[in-house]
Amino acid sequence: AVLDELGDRVALVLDGGACEVGLESTVVHVDVDGVVTLLRPGFWTADALSEVVGSPVRRASDKTPDAPRSPGMTSRHYAPSTPFFALPAPLADLPDPTVSDLRSRLAGGHAVLLCWDQTAVARAEAQGALIGDVTAVCIDPDGALSATARGLYRFLRELDARGADLLLAEPFPPATLGDHGLAHALRDRLSRATLPWPT
């Protein structure tokens, strides 16, 4: 992935093996008064940081600043070159107007749909056959957040290499995960890798 991104602009790449976390680091800003702001979520969440610093940690605005204070704060970050849309609901639960829109956008083309657990894949495949040529894939059959985080960027690159006309993602994370652990960071990265479904 590094060679794909940087090409001959670097003379050497040292391969240290797979990353333990996979997502980029957590980045914070500490102002002169000691107020901590979470600029880029990563493995360390705002709640975990709050326990360490002994005070609430603020989250930076989702609005893209004119001059981002950290890498990863732009609205588009590590996005595939294939058009990649975040669906407003799971494929099997999309309202009829959205299904019609998706069907017309496919128009004989092929779409790959990113699901977040194996159960969703089976539901999506059944619905996808009614919409058009849609292949449903799961990033991690076990649904473990840590494995999903480690494999996210590799998986997005693999999706991009499939030669599909359209990439789609079902909403992430499941509501039961809320904002805990890596869920906030994964939701953040996915929002920057995808485009919202046009309404």
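## Strand S5 and its neighbours

In this predicted model, strand S5 (residues 110-115) is joined by six bridges to strand S6 (residues 133-138), and the two run parallel. Strands are DSSP runs of E with at least two residues, helices are DSSP runs of H or I with at least four residues, and both are numbered from the N terminus. Two strands pair if DSSP finds at least two bridges between them. Leu-113 has Ala-136 in S6 as its bridge partner.

S5 is also joined to strand S7 (residues 166-169) by four bridges, and these strands run parallel. Here Leu-114 stands opposite Ala-169 of S7.

## The β-α-β unit

S5, helix H4 (residues 118-131) and S6 form a right-handed β-α-β unit. Right-handed means that, with the strands pointing away from the viewer, the path from the first strand over the helix to the second runs clockwise.

## Burial and cysteines

Five of the six residues of S5 are buried, so the strand is largely enclosed by the rest of the structure. Buried means under 20% relative accessible area, exposed over 50%, and partly exposed in between (1.4 Å probe, protein chains only).

The whole structure contains zero disulfides, a disulfide being a pair of cysteine sulfur atoms within 2.5 Å. For Cys-115, the nearest cysteine sulfur is that of Cys-138, 7.1 Å away. Cys-115 is buried, with a relative accessible area of 0%; Cys-138 is buried too, at 13%.

## Basis of the values

Residues are numbered from 1 along each chain as its sequence is written, and side-chain values use heavy atoms, leaving out hydrogens and water. Local features need pLDDT of at least 70, side-chain atom pairs count only at pLDDT 80 or more, and totals for chains, interfaces and linings use all residues.
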